[in-house]
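Grab a pencil and work through these exercises with the model open beside you. Try each task before you read its solution.

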Amino acid sequence: MTNLPQALREELAESLELWTTEIVRHTQADDGTEKLLIKLADGGQIECVLLRDKVRRTICISTQVGCGMGCVFCASGLDGVDRNLTTGEIVEQMLRLQQLLDEGERLSHIVVMGMGEPLANLDALLPALEEAHRPDGLDISHRRITISTVGLPAAIERLARTNASYRLAVSLHAPNDQLRNQLVPVNDKIGLDAIMQSVDDYFAVSGRRLTFEYVLLADVNDEPQHARELAQLLRGREALLNVIPYNPVAGLPYQTPSYQRQVQFRKILEAGGVRIKFRHRKGDRIDAACGQLRRSQQSPPVVQLG
Ligand code: SAH
C-alpha cells in the first residue's frame, strides 16, 4: 500500500494482525506436492496441501480441527473433532498455499478434502468458497471446486438448494450398509439409500457428474464381490468412481492391497460399465494424506521428509 504515508504503514503493521495463523511446518515432496501444518490462534493444528499436476494447481483444504465422523482407517478422526474452522481460517489456508506458487503458476482447483467433514461446517465453508470464487478474489470457478463428504443427506439437500454448482464427491468405501457401518460409523444412522437419494437430487439440480470415492483396504473392501456390488450400485448414474489405494496410517491395522488385487478390482468395475480412476498417490512421503502430518508431530515423527 505504497499510496499511504510511510509512518501510517508502519503504525498499521504494528497494531494490526494480518494473519491469525502460523505455519509450523512446511514439507515438500519430489513430485511438487507441498504441505503446510498450520497453527491456529487457539493452538489447534490443521493441514492443507498444494498439488501440482501438469498445469493444474490444486489446493486441498481443511474445514475442522480433527473430525467427528470416525472413519476407522483415517488419521484425522482418531481423536474426534475439536471445533469447526471459521470462514477466515479456511480462507487463510487458501492464501497461505497461494503464496507457495512460483511466478507464472496459478491456482486452478480447490478440493475440500482435508481434515474434517465439510458438510458439518457449511456455514463457514460457503462464504469462504464464495471468496475464492470472486473475480477480485482467487477467481476460481465453482465447477473447479470439489466438496468431499462422508454423505450427510440433509446437508447435501441444503447445498442443492443454496448452490449446486460445486462438484460433489461422496466417500463411499463400501457397496452395502453392513460393511459401510463398520468402516464409516456414522453410516449406521444414515444408510446408503438416503445418501444415494440425496446425491441423485443434487445431480438433478446441478447436472454435474457425481464423484464417488472408495479407499481400497486390503482384505476389507477389495473382494471381487465388493466390486460387483459397487458396479451394481453405481449403474445408471452419471458418476466417476475414484479409487484410492489406502495410504497407511501409523498405528492402524489397515493395509494397501497388492497391485494385482487393485487391477482385479478395476477390471470388474470396468466390465460393469463404471467410469473409474485410480487416484495417483501424491505426497505420501510427506504424510500428505488426511491428518497424518499433524499426528506425526504430536507423537515423535515417524516419517522423514521427501
Ligand atoms: N470428510 C470428508 C472429507 C475429508 S476425507 C470425506 O469423508 O469425504 C477425504 C478423503 O480421503 C475421503 O474419501 C477419505 O475417506 C480419504 N482418506 C482418509 N484417510 C485416508 C487414507 N489413510 N488413505 C487414503 N484415503 C484416505
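Two strands pair if DSSP finds at least two bridges between them; strands (E, at least two residues) and helices (H or I, at least four) are DSSP runs, numbered from the N terminus. This is a predicted model, where local features need pLDDT of at least 70, side-chain atom pairs count only at pLDDT 80 or more, and totals for chains, interfaces and linings use all residues. Residues are numbered from 1 along each chain as its sequence is written, and side-chain values use heavy atoms, with hydrogens and water left out.

**Exercise 1.** Find the bridge partners that tie β9 to β8 and β10.

*Solution.* Start with β8 (residues 145-149): 4 bridges join it to β9, and the two run parallel. Ser148 has Ala169 of β9 as its bridge partner. Now go to β10 (residues 210-216), which is parallel to β9 and joined to it by 3 bridges. Here Ser171 is partnered by Glu213. Finally, check burial (under 20% relative accessible area, 1.4 Å probe, protein chains only; exposed is over 50%, partly exposed in between): β9 (residues 167-171) has 4 of its 5 residues buried, so the rest of the structure largely encloses it.

**Exercise 2.** Classify the ring pair Tyr214 and Phe265.

*Solution.* Rings of Phe, Tyr and Trp (its six-membered ring) pair if their centres lie within 6.5 Å; planes under 30 degrees apart are stacked, over 60 edge-to-face, the rest tilted. The count comes to 3 aromatic pairs. For Tyr214 and Phe265, the centres are 5.3 Å apart with 35 degrees between the planes, hence tilted. Tyr214 lies in β10 and Phe265 in helix α8 (residues 259-271), 51 residues apart. Tyr214 is buried at 0% relative accessibility, and Phe265 is buried at 1%.
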